[in-house]
Amino acid sequence: MGAGPLFSIFDDQLAEGLVFNSYNPEGQISYQLESVAERGQVLTIDITGTIGNLYFEYPPKADLSHWGANGQLIFDLLVESTDDATELLVKIDSGWPNVSDISVDLPITGQWQQVTISIAELIAQGNRFAPGSFANLASVQNPFVIEPLGKMKLQLDNVRFEYKVSAQTEVLVYDDALAAPFSLGHYAASGELLINQIDVGGEHNKVTEFVFNTNEAVGYFQSTGITHDISGFSQLSFDVNVAQDPRANRNLMIKMDCVHPCSTGDYPLEVPDIGVWTHYQIPLTRLTTHPGSSLDLTQVESPLVIFPSWGDQQGVIIQVDNVKIH
């Protein structure tokens, strides 16, 4: 349950496996599905007191940890009426007190508005009613909880989890482990390129290692079938350690791809010393203006492709860590 790149939990009806439920100790919460022109079925919630919430429950519990780095919780909200200064909380619940909540800005009364919440930010907020407690994305009981802290009548539509990197300030691709929706891959025209996850200890801990038993291969970090709009970002950063390189000409290339043949083309790195971790920060403007580049920053699929120069790679071992878009 909950696989990306889009996990719709309510659109005309609840996703399979979910059920509506509520914390309603004083009988002040009611909810129903209503038909609305141009929207179909929406969920109407009426809270007439100050205690209680409505939630979408998944009784077996779900592992949603893959949404932790780059996921967004998104929904459409219309507030029909509310008391002045009533706060609206959205929560992810792993079973009390392991809950995280965040306050959302209310739209103008009577107008639909899309609400976008960073899942990482929501989880980091923790439980305001039980400080020190947090939702555990690996064991989610209620993936969506909505709780006005006062009287409010509202409607919800199009509630979903989505990888929407354009709304973030940093996109994590790899740091000790891959961040969803990214995966590792390679292309080898001949020979083989081995990809290992190894623990080098120290500040880098777990890293990705590319072992070139070929002269014609590239390794990459890719979100297969998913493209990302990173046009609002400014730079790509990553760390590289060349653990072994027997070549006379030790050049090293990267690319950023936006679905073949859309690409930066081969972009040369300043060659690092062997056995020394080197940090690179590359402005995206350099990648888009690189000679021969056709990079479209609104359609990026592979933020980092790395390889020694094509035709001369045999015996090179490259380690990579901390791949991010800022």
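Mentor: Gladly. Keep in mind that this is a predicted model. Let us begin with the cysteines: both Cys-258 and Cys-262 are buried.

Trainee: What makes Cys-258 and Cys-262 a disulfide?

Mentor: The sulfur atoms of Cys-258 and Cys-262 are 1.7 Å apart. The cut-off is within 2.5 Å, so the pair counts as a disulfide. A search of the whole structure finds one disulfide.

Trainee: And why is the disulfide of Cys-258 and Cys-262 called left-handed?

Mentor: Because the torsion about its S-S bond is about -75°.

Trainee: On to the sheets. How do you know that strand E18 and E19 pair?

Mentor: Strand E18 (residues 252–257) and E19 share two bridges in the antiparallel sense. Pairing needs at least two bridges, so E18 and E19 qualify. Met-253, for instance, stands opposite Pro-268 in E19. These strands belong to an open sheet of five, ordered E13-E16-E21-E18-E19, with antiparallel pairing.

Trainee: What makes E13 and E19 the edge strands there?

Mentor: Strand E13 (183–188) and strand E19 (267–268) each pair on one side only.

Trainee: What joins strand E7 to E8?

Mentor: Six bridges join strand E7 (residues 88–93) to E8, and the two run antiparallel. With at least two bridges needed, E7 and E8 therefore count as paired. Val-90 has Ile-102 in E8 as its bridge partner. The open sheet here has the order E2-E5-E10-E7-E8, and its twist averages 20° from one strand to the next.

Trainee: Now the rings. Why is the pair of Phe-56 and Phe-144 called tilted?

Mentor: The structure holds 13 aromatic pairs, and in this one the centres of Phe-56 and Phe-144 are 5.0 Å apart with 45° between the planes. Phe-56 lies in strand E5 and Phe-144 in strand E10, so the pair ties together parts that are 88 residues apart in sequence.

Trainee: How do you know whether Phe-56 is buried or exposed?

Mentor: Buried means under 20% relative accessible area; Phe-56 has 0%, so it counts as buried. Phe-144 is buried too, at 0%.

Trainee: What makes Trp-67 and Phe-161 a tilted pair?

Mentor: Their ring centres are 5.8 Å apart and their planes stand at 55°, so the pair is tilted.

Trainee: Last one: how do you know that a charge sits over the ring of Trp-112?

Mentor: The charged end of Arg-39 sits over that ring, 3.9 Å from its centre.

Note on methods:
Residues are numbered from 1 along each chain as its sequence is written. This is a predicted model: local features need pLDDT of at least 70, side-chain atom pairs count only at pLDDT 80 or more; totals for chains, interfaces and linings use all residues. Side-chain values use heavy atoms; hydrogens and water are left out. Buried means under 20% relative accessible area, exposed over 50%, partly exposed in between (1.4 Å probe, protein chains only). Helices (H or I, at least four residues) and strands (E, at least two) are DSSP runs, numbered from the N terminus. Axes are lines fitted to C-alpha atoms, for helices over the stretch in contact, and angles run from 0 to 180 degrees between N-to-C directions. Rings of Phe, Tyr and Trp (its six-membered ring) pair if their centres lie within 6.5 Å; planes under 30 degrees apart count as stacked, over 60 as edge-to-face and the rest as tilted. A charge sits over a ring if NZ of Lys or CZ of Arg is within 6 Å of the ring centre and within 35 degrees of the ring normal.
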